[in-house]
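Reader: I am new to this structure and would like to learn how to read it. Could we go through it feature by feature?
Author: Gladly; here it is.

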Amino acid sequence: MNWRSVQFDWNKARAFLVTAEEGSLTAAAKALGMAQPTLGRQVAALEEELGVALFERVGRGLALTPGGLELVEHVRGMGEAASRMSLAASGKAEALEGSISITASEIYSASLLPPIVAKLRRLHPGVEVEIVPSNAAVDLRRREADIAIRHFPPKQPDLIGKKIRDDIGRFYATPAYLVELGHPQTLAELGAAYFIDFGSGTIREMIAGFAKRGLHLTRANFPVSAGNHFVHWELTKEGVGIGIMPEKLGDAEPLVERVLPDATPFEFPIWLATHRELKTSRRVRMVFDFLAEELAQR
């Protein structure tokens, strides 16, 4: 936009708009709490600047000319925007409305987001929420979602992020499978155990991560894989092998128990990310901040 080309006085435009809506200079001056001559000068000055006659006299009142009719809707939009700005600045902005899409892993989409979305909808019933469950990183730059909950910070310069907290994950297995393993007490004793892979070529990554913790495994330790987190968890509950789950969910499941309960748990960060341009949207900004506050407490 060429800002230098915009030569506009809002006071004159407001005088024009209120006069058009009130139908006379007298009524408009009263509505604005100003002297009628002052208001008349502002309207006349606007007509001179624009080179357009805005009103014509009809009896004791004023009627818009064809040129005034063409301009009044634009000025009315400016008035509505000014009103919204004033409300926002005073903390009295209108109810939050519109659509928002949030992406998270399958587990977080099913466990963390439902109560948060329920609270959001109670507070702002005009907001329409789409949850995009995905274990892959949905592309925020292509607007595949507005806000993402991830375990890593945004790497692209046009994305912005905020770390919320660290979550904790642990190994889980059925009591029967732990009996089969001989109730292992150390990481080394898990060398013969079966683990359930998360699919999508994550075996190498998991083997490397476990090795850093002192647990040395091979591909033979991962005979079953499941790209879906819920399938991974169901396989764990059936005793197929050892699975990994956030501590709150794993501890709440009666069919499994912690493997090496005293071992150091896995820690993984929870990040919120959004596109830099979307952060300037009042709706996205408020939902982003709402998610950040709620996720920090859960």
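Reader: Which residue lies over the face of Phe266?
Author: First, the general idea: a charge sits over a ring if NZ of Lys or CZ of Arg is within 6 Å of the ring centre and within 35 degrees of the ring normal. Here Arg213 lies over the face of Phe266, at 4.0 Å from the ring centre. Before we go on, please note that this is a predicted model, in which local features need pLDDT of at least 70 and side-chain atom pairs count only at pLDDT 80 or more, while totals for chains, interfaces and linings use all residues. Residues are numbered from 1 along each chain as its sequence is written, and side-chain values use heavy atoms, with hydrogens and water left out.

Reader: How many helices and strands does the protein chain have?
Author: Helices (H or I, at least four residues) and strands (E, at least two) are DSSP runs, numbered from the N terminus. In the protein chain there are 11 helices and 11 strands. The radius of gyration is 31 Å, well over the 19 Å that the globule rule gives for 298 residues, so the chain is more spread out than a compact globule. That radius is taken over C-alpha atoms, and the globule rule is 2.2 Å times the number of residues to the power 0.38. Along its principal axes, the C-alpha trace spans about 100 × 35 × 25 Å.

Reader: How far apart in space are Ala63 and Ala263?
Author: They are 82 Å apart, C-alpha to C-alpha, and 200 residues apart in sequence. Ala63 belongs to strand 2.

Reader: Is Ala63 buried, exposed or partly exposed?
Author: Buried means under 20% relative accessible area, exposed over 50%, and partly exposed in between (1.4 Å probe, protein chains only). With a relative accessible area of 25%, Ala63 is partly exposed. Over the protein chain, buried residues make up 40% of the 298 residues.

Reader: What span should helix 1 have, and what is the distance between its end C-alpha atoms?
Author: The expected span of a helix is 1.5 Å times one less than its number of residues. Helix 1 (residues 10-22) has 13 residues and should span 18 Å; its end C-alpha atoms are 18 Å apart, which agrees. Several residues of helix 1 are buried, among them Phe16, Leu17 and Val18. Just after helix 1, Gly23 takes a positive phi of about 90 degrees.

Reader: Which residue caps the N-terminal end of helix 1?
Author: Asp9 does, with a side-chain oxygen 2.9 Å from the backbone nitrogen of Asn11. For a polar contact, the rule is a pair of N or O atoms within 3.5 Å; within protein, one must be able to donate a hydrogen and the other to accept it, and residues adjacent in sequence count only if both atoms are side-chain atoms. Another case is Glu294, in helix 11 (residues 282-296), whose side chain makes a polar contact with the side chain of Lys119 (2.8 Å). Glu294 counts as buried at 3% relative accessibility.

Reader: How is a pair of aromatic rings described?
Author: By the distance of the centres and the angle of the planes. Rings of Phe, Tyr and Trp (its six-membered ring) pair if their centres lie within 6.5 Å; planes under 30 degrees apart count as stacked, over 60 as edge-to-face and the rest as tilted. A search of the whole structure finds 9 aromatic pairs. One of them is edge-to-face: Phe171 and Phe195, at 5.4 Å centre to centre and 65 degrees between the planes. Phe195 and Phe210 form a tilted pair, with 5.7 Å centre to centre and 45 degrees between the planes. Phe195 lies in the loop between helix 7 and strand 7 and Phe210 in helix 8 (residues 203-212), so this pair ties together parts that are 15 residues apart in sequence. Ring pairs link Phe171, Phe195, Phe210, Phe222 and Phe266 into a cluster.

Reader: Which strands pair with strand 11?
Author: Two strands pair if DSSP finds at least two bridges between them. Strand 5 (residues 147-150) pairs with strand 11 in the antiparallel sense over 4 bridges, and 10 bridges join strand 6 to strand 11, also antiparallel. Ile147 stands opposite Thr274 in strand 11, while Asp166 has Pro269 of strand 11 as its bridge partner. Of the 10 residues of strand 11 (residues 266-275), 7 are buried, so strand 11 is largely enclosed by the rest of the structure.
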